[in-house]
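Let's walk through a new structure together, one feature at a time.

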Amino acid sequence: MHVRAVAVTTTALLGVALTAPLSHARADGAGGDGPTVVAHRGASGYAPENTLAAVDRAVELGIRWVENDVQRTRDGELVVLHDESLARTTDVEEVFPDRSPWKVKDFTAAEIARLDAGSWFGPEYAGARVPTLEQYVNRVDHNHQKLLLELKSPALYPGIEQQTLKVLANEGWLDRRHVAGRLVVQSFDADSIRTVHDLKPAVKTGFLGTPAVSDLPAYAEFADQINPSHGSLSMGYVSAVHAFTGPHGRPLEVLTWTVNDADTARRVAGYDVDGIITNKPDVVRDAVD
């Protein structure tokens, strides 16, 4: 069923979080009709998260869907990084020791481009950089992969929805081929996802969290996916989500995160989830094949 629009605030829609693709792609990265396997921040169990190396590692493992996080620099460049701070995954404290707390929004793109985003993970990745969104989507396209793009903390970056869509359009990601089966935009922020849907209705969207079943009719107006943490899932909840029709006339989908072991992967696959987001996509793929 399709439901009428219901006004929903970000606060009212707040839940848990993560990522996902659509059921027409469920065989990507898995065998047969199993859930789609999504490489979380790239194959982040094997390469530094959200780097081009993690994208490449995912494709080496045969994984077609990758997830990433988008934030904005002081001078307005979109970059791919999970944390609001650069401290955990780069050498920013060494390069800019007097710039605490090292927030992404306080640094220019040129300053961030100087940082080493790989050595923290392993010496073989020394010199890896924080990619811009343009660099990231071009690498994903080059690898013939598909993208689950998360708008991270959009309240910090007014207008990031329009800007992200502009970058995607400039890089060829809003043509029919990409929009139909290679792109999903998601966020924990319901208002942000509603904005993406309003600006570009053709783009598939996902809400990260576990809304109450009674709130699902409102979400179904602007989100194609409900993507909860695996600890919040049950077979009944997945069935309840699947009972609603999203804005593109298809049942709402469920991608769950972050599953890194075989037993949990088999458990959530048994709930009939549409996708599993994981740092170790080969482990999950082999478990659900």
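Q: Where is Asp272 found?
A: This is a predicted model, and in it Asp272 sits in the loop between helix H11 (262–269) and strand E9 (275–278).

Q: What is the phi of Asp272, and how should I read such a value?
A: Start with the general idea: most residues other than glycine have a negative phi. Here, Asp272 has a positive phi, near 70°, although this residue is not a glycine.

Q: Is Asp272 buried, partly exposed or exposed?
A: Buried means under 20% relative accessible area and exposed means over 50%. Asp272 has 38% relative accessibility, so it counts as partly exposed.

Q: What can you tell me about the phi of Arg41?
A: Arg41 is not a glycine, yet its phi is positive, at about 55°. You will find Arg41 in the loop between strand E1 (36–39) and helix H2. Because its relative accessibility is 14%, Arg41 counts as buried.

Q: Which residues are joined by a cis peptide bond?
A: As a rule, most peptide bonds are trans. The bond between Ser100 and Pro101 is cis, with omega at about 5°. Look for Pro101 in the loop between helix H3 (92–95) and helix H4.

Q: How do I read the two faces of strand E1?
A: Check each side of the strand for burial. In E1, Thr36 and Val38 are buried on one side, and Val37 and Ala39 are buried on the other, so both faces are covered.

Q: Which strand pairs with E1 over four bridges, and in what sense?
A: That partner is E9, and the two strands pair in the parallel sense. To see this on screen, find Ala39, which stands opposite Thr278 in E9. E1 also runs parallel to E2, with two bridges joining them. In E2, Ala39 has Val66 as its bridge partner.

Q: Which residues of helix H6 are buried?
A: In H6 (residues 160–170), the buried residues are Ile160, Glu161, Thr164, Leu165, Val167 and Leu168. Seen down the axis, they fall within an arc of 160°, so they line one face of H6. On the other side, Lys166 and Asn170 are exposed.

Q: What do the buried residues of H6 pack against?
A: Their partners are strands E2 (65–72), E3 (78–80), E4 (146–151) and E5 (183–187), together with helices H5 (133–142) and H8 (190–199). After H6 comes Gly172, which has a positive phi near 85°.

Q: How much space lies in the largest pocket, and what lines it?
A: The largest pocket holds about 160 Å³ of space. It is lined by 13 residues, and those closest to its centre are Arg129, Val130, Pro131, Thr132 and Gln135. Helix H2 (52–60) and helix H4 (109–113) are the elements that give two or more residues to this lining. H4 supplies the largest share, three residues. By type, the lining has nine nonpolar residues, three polar and one charged.

Q: How many cavities of 30 Å³ or more are there?
A: There are two. The second largest cavity has a volume of about 40 Å³. Its lining includes Pro48, Trp120, Arg129, Val130 and Pro131. Seven residues of that lining are nonpolar, three are polar and two are charged.

Methods:
Residues are numbered from 1 along each chain as its sequence is written. This is a predicted model: local features need pLDDT of at least 70, side-chain atom pairs count only at pLDDT 80 or more; totals for chains, interfaces and linings use all residues. Side-chain values use heavy atoms; hydrogens and water are left out. Buried means under 20% relative accessible area, exposed over 50%, partly exposed in between (1.4 Å probe, protein chains only). The arc is that of the directions from the helix axis to the C-beta atoms. Contact means heavy atoms within 4.5 Å. On a 1 Å grid over the protein atoms alone, a cavity is a set of points where a 1.4 Å probe fits but cannot get out, and a pocket is an open set with protein on both sides within 12 Å along at least five of seven lines; lining residues have an atom within 4 Å of a point. Grid points are joined across faces, edges and corners, and a volume is the space filled by probe spheres set on the points. Ala, Val, Leu, Ile, Met, Phe, Trp, Tyr, Cys and Pro count as nonpolar, Asp, Glu, Lys and Arg as charged, and the others, Gly among them, as polar. Two strands pair if DSSP finds at least two bridges between them.
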